[in-house]
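Trainee: I would like to go through the labels used for this model and ask what each one rests on.
Mentor: Go ahead.

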Amino acid sequence: MKILHVIDTLDIGGAERVVITLANIFVAKEHEIGVLILLPGNHPLHNLLNKSIKIFFLNRKNKFSVLCIKEISSIAENYNIIHVHMRHNLRYIWFVSIFSSIKLEKIFFHDHYGNIGNNQLIDVWTKKIISKSIYLGVSKELYKWATKKCGAKKAYVL
């Protein structure tokens with residue numbers, strides 16, 4: 001299995017640690033793993049990734065860059081699963097999919113949102129995207145929210 005993790009940065013943070021942990025676990029299970037980092041920066045945690053993991057530094061400065069869209073599409077076509085972390089990255093990958101060869105059924109969305117008990121608001125666009133994604137929530141509360149509020153058909157707690 002070839003899995004591409006997508007995240008905006010590998011700065012210090014919880015979602016970033018999850019990306020590193022999952023990528024390292026998957027590579028230990030002999031899957032081919034890539035990590036696509038969307039934004040420019042130092043990315044201090046990237047050194048914690050197993051050396052056999054392919055890291056793609058996109059250094060995106062403009063969301064609407066045709067070159068970035070082409071590069072993401074070119075990278076993603078080599079993977080069976082695109083494991084997207086965090087909502088803003090999900091929206092961006094779905095936007096890219098409109099103009100590229102990314103197949104939507106390959107997208108797994110890993111929702112790290114920690115304030116769902118206090119804030120369940122979501123815009124229409126993100127709600128629709130979540131309803132069509134393979135949804136991986138980090139808590140039972142997120143799972144319930146995604147299935148009830150967003151209509152996620154394929155939802156799991158991870």
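**Aromatic pairs and helix contacts**

Mentor: Five aromatic pairs turn up in a search of the whole structure. This is a predicted model, in which local features need pLDDT of at least 70, side-chain atom pairs count only at pLDDT 80 or more, and totals for chains, interfaces and linings use all residues. Residues are numbered from 1 along each chain as its sequence is written, and side-chain values use heavy atoms, with hydrogens and water left out.

Trainee: Why are Phe64 and Phe95 called an edge-to-face pair?
Mentor: Their ring centres are 5.5 Å apart and the planes are at 85 degrees. Rings of Phe, Tyr and Trp (its six-membered ring) pair if their centres lie within 6.5 Å; planes under 30 degrees apart are stacked, over 60 edge-to-face and the rest tilted. So the pair counts as edge-to-face.

Trainee: What makes this pair a tie between parts apart in sequence?
Mentor: Phe64 is in the loop between strand 3 (54-57) and helix 2 (66-76), and Phe95 is in helix 3 (residues 87-98), so the pair ties together parts 31 residues apart in sequence. Helices (H or I, at least four residues) and strands (E, at least two) are DSSP runs, numbered from the N terminus. From C-alpha to C-alpha, Phe64 and Phe95 are 9.2 Å apart. Phe64, Tyr92, Phe95 and Phe99 form one aromatic cluster.

Trainee: Is Phe64 buried or exposed?
Mentor: Its relative accessible area is 57%. Buried means under 20%, exposed over 50% and partly exposed in between (1.4 Å probe, protein chains only), so Phe64 is exposed.

Trainee: Why is helix 2 called roughly perpendicular to helix 3?
Mentor: They pack at about 90 degrees, with axes 10 Å apart. Axes are lines fitted to C-alpha atoms, for helices over the stretch in contact, and angles run from 0 to 180 degrees between N-to-C directions. Under 35 degrees is roughly parallel, over 145 roughly antiparallel, 65 to 115 roughly perpendicular and the rest oblique, so helix 2 is roughly perpendicular to helix 3.

Trainee: Which residues make the contact between helix 2 and helix 3?
Mentor: Cys68, Ile69 and Ile72 of helix 2 and Tyr92, Ile93, Phe95 and Val96 of helix 3 make it, contact meaning heavy atoms within 4.5 Å.

Trainee: What can be said of helix 3 and helix 4?
Mentor: The axes of helix 3 and helix 4 (residues 124-132) come within 10 Å and cross at roughly 80 degrees. That makes helix 3 roughly perpendicular to helix 4.
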